[in-house]
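User: Hi! Could you walk me through this one? I'd like to hop between a few topics as we go.

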Amino acid sequence: MDTTVAIIGSGFSGIGLAIRLRQEGVEDFVILDRNEGVGGTWWANTYPGCACDVPSHLYSFSFAPNPDWSRTYSRQPEIRDYLARVADEFGVTPHLRLGCEVKAAEWRGDRWRLETSQGPVSAHVLVSGAGPLVEPRIPDFPGLARFEGPAFHSARWDHSVDLRGKRVAAIGTGASAIQFVPSIAPDVAQLHVFQRTPPWVMPHSSRPITPWEKRVYRRFPALQRLVRGGIYAGRELLVLGFVKHPRAMPLLERVSRRHMERHLPPELQRKARPDYTIGCKRILPSNGWYPALARDNVELVTDVIAEVRERSIVTADGAEREVDAIVFGTGFHVVDMPIGRLVRGRGGKTLEEAWNGSPRAHLGCTVPGFPNLFILLGPNTGLGHSSMVYMIESQLAYVVGALRELRSRGARTVEVRPEAAERFNAEVQRRLQGTVWNTGCQSWYLDGEGRNPTLWPDWTWRFRQRTARFDPAEYVVA
Ligand code: N01
């Protein structure tokens, strides 16, 4: 199959780009997604309690507001359905190739040649909308392969396993675990929550949106835009604490601590109290987390896992806990994201080889040596406080600008100049220096050397400004 643009992934990035391409009059494109349905991460993550911790009005396309969100923070099925509906409404669905896994992509002089599970695809331009949080990371605990019960990652929830009445180990206490632990705790016989680092948890303001509010939003779309703007501005204020004045963060710490103290007895507080600056890992909103930890059938384990046996987990203090199932909420391969190994640019080098252990790209999007390749939500586009859909929409404008440049010049290739990419990355790393993410704790935001290849260290509107116009001077257009 021959196409102008091949897009990997049908999440917000892939669907968003497809819509923008159609608006530009480009119809010759295909979206390849290994899943059987639309939605990317919102298709793949089906764990109990899965929801977005960014408000619904902001976590949606600006050009496709949804007056019918059922809650202020939407749950996974509703976001998945929203994406499928938007794909339909904007005429993108016929461009989808679902169940189609991209296994390799190689630059062949003037085109990309893709190997997929449905045969080869040749594309003039390749866009990755694969996202940075796709490949589950399961720690290599000694003996794990010997475990005889079901064991799965939260992003690959095995719904054929009935956890009711079982003894379950939940490993990890990040953004995913904090959602599934309170959801399964009432149904299991015993839940052992293995925590390496306690998260900072805030009170959650999630609530149903009333029929009256929905009617108002439907009648006055401008009001919904206003609410969206208000949420955006409120969240943006957090940048002040994360980036500009980390010393302001103790205010938030106090709120979180009080939240914990309200729900946990003193001996559990000691285990659940974080000892690092708030914000250096994702701040987690939940009203269910601490009450779940306080349940009689839940145990918070803070000893390190030493070994997994056929039917049990042994911690470093020698304690052995019999379990029937293990659920991993242990995060994703981010610094070593799979797309890095799939894509080969000029000279046969993979992205991973070009990155040499720490991803980097110009405006989180383009990489020297990889012509006609655009990565949506690439390196240093992540946020700890706001909607990734905002970052995606910013990059969509940039990619469309690049494609317009190609078309208007009748050119074949566009490739970022190494000096432009280096300048950008040096600036981003300089800005990251004093931020809470680089100074507050060790997290998956940082690579093995302490470099931060994941987060955007500034106001998000600055990212929008920087990506609003494609600057051909930073590229070789030939
Ligand atoms: O993963 P995580 P996640 N032994 O990496 C622990 C997005 N997201 O899937 O902190 C024991 O946050 C690890 O411990 P530590 C969001 O961007 C968004 O929960 O490294 N424990 C941590 O507790 C989020 O940031 C939503 O010490 C081990 C946990 O596993 C990202 O996805 C919802 C371990 C991993 O937490 C990832 O979240 C859900 C080991 N060897 C997720 N290795 C929204 O609502 C790791 N851990 C938008």
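Analyst: Happy to; we can go through domains, helix packing, loops and charge pairs in turn. Keep in mind that this is a predicted model.

User: Good. Which domains is the protein chain divided into?

Analyst: There is domain 1, covering 2-135 + 333-477, and domain 2, covering 144-199 + 282-328.

User: How far apart are the C-alpha centres of domain 1 and domain 2?

Analyst: Those centres are 32 Å apart.

User: And how many residues of each domain are in contact with the other?

Analyst: On the domain 1 side 14 residues take part, and they meet 13 residues of domain 2.

User: Let's switch to helices. Which residues of helix H5 are buried?

Analyst: H5 runs over residues 211-219, and its buried residues are Glu213, Lys214, Val216 and Tyr217. Looking down the axis of H5, these buried residues fall within an arc of 160°, so they line one face of the helix.

User: What do the buried residues of H5 pack against?

Analyst: They pack against H6.

User: Which residues are exposed on the other side of H5?

Analyst: Pro211, Trp212 and Arg219 are exposed there.

User: Since H6 came up, where is leucine 223?

Analyst: Leucine 223 sits in helix H6, which spans residues 221-236. Its relative accessible area is 35%, so leucine 223 is partly exposed. Together with Phe220 and Leu226, Leu223 makes a nonpolar surface patch of about 300 Å².

User: Nice. Now histidine 57: buried or exposed?

Analyst: Buried, with a relative accessible area of 8%. Histidine 57 belongs to the loop between helix H2 (41-44) and helix H3 (76-89).

User: Which residues does histidine 57 touch?

Analyst: Leaving out residues up to four places away in sequence, histidine 57 touches Asn66, Trp69, Ile209, Tyr217, Gln224, Val227, Arg228 and Ile231.

User: Asparagine 356, buried or exposed? And asparagine 372, buried or exposed?

Analyst: Asparagine 356 counts as exposed because its relative accessibility is 68%, over the 50% cut-off. Asparagine 372 has 0% relative accessibility, so it counts as buried.

User: Where's serine 443, while we're on loops?

Analyst: Serine 443 is in the loop between helix H15 (436-439) and helix H16 (460-468). At 9% relative accessibility, serine 443 counts as buried. Beyond residues up to four places away in sequence, serine 443 touches Cys280 and Lys281.

User: Last topic, charges. How many salt bridges does the structure hold?

Analyst: It holds 24. As background, side chains of opposite charge can pair when their charged atoms come close.

User: Which residue does arginine 462 form a salt bridge with?

Analyst: Aspartate 458, with the closest N and O atoms 3.2 Å apart. Aspartate 458 is buried at a relative accessible area of 3%, whereas arginine 462 counts as partly exposed at 29% relative accessibility. Salt bridges that share partners join Asp458 and Arg462 with Glu427, Arg431 and Arg466 into one network.

User: And what does glutamate 115 pair with?

Analyst: The side chain of glutamate 115 meets that of arginine 113 in a salt bridge, at 3.4 Å from N to O. Glutamate 115 is partly exposed, with a relative accessible area of 34%, and arginine 113 counts as partly exposed at 32% relative accessibility.

User: What about glutamate 307, which residue forms a salt bridge with it?

Analyst: That would be arginine 309, where the closest N and O atoms are 3.4 Å apart. Arginine 309 is partly exposed, with a relative accessible area of 29%.

User: Great, thanks for the tour!

How values were computed
Residues are numbered from 1 along each chain as its sequence is written. This is a predicted model: local features need pLDDT of at least 70, side-chain atom pairs count only at pLDDT 80 or more; totals for chains, interfaces and linings use all residues. Side-chain values use heavy atoms; hydrogens and water are left out. Patches are made of residues with over 30% relative accessible area and no salt bridge: like charges are joined within 9 Å, nonpolar side chains (Val, Leu, Ile, Met, Phe, Trp, Tyr) within 5 Å. Accessible areas come from the Shrake-Rupley method with a 1.4 Å probe; for residues, only the protein chains shown count as cover. A salt bridge is a side-chain nitrogen of Lys or Arg within 4 Å of a carboxyl oxygen of Asp or Glu. Helices (H or I, at least four residues) and strands (E, at least two) are DSSP runs, numbered from the N terminus. Buried means under 20% relative accessible area, exposed over 50%, partly exposed in between (1.4 Å probe, protein chains only). The arc is that of the directions from the helix axis to the C-beta atoms. Contact means heavy atoms within 4.5 Å. Domain bounds come from an automatic or database domain assignment.
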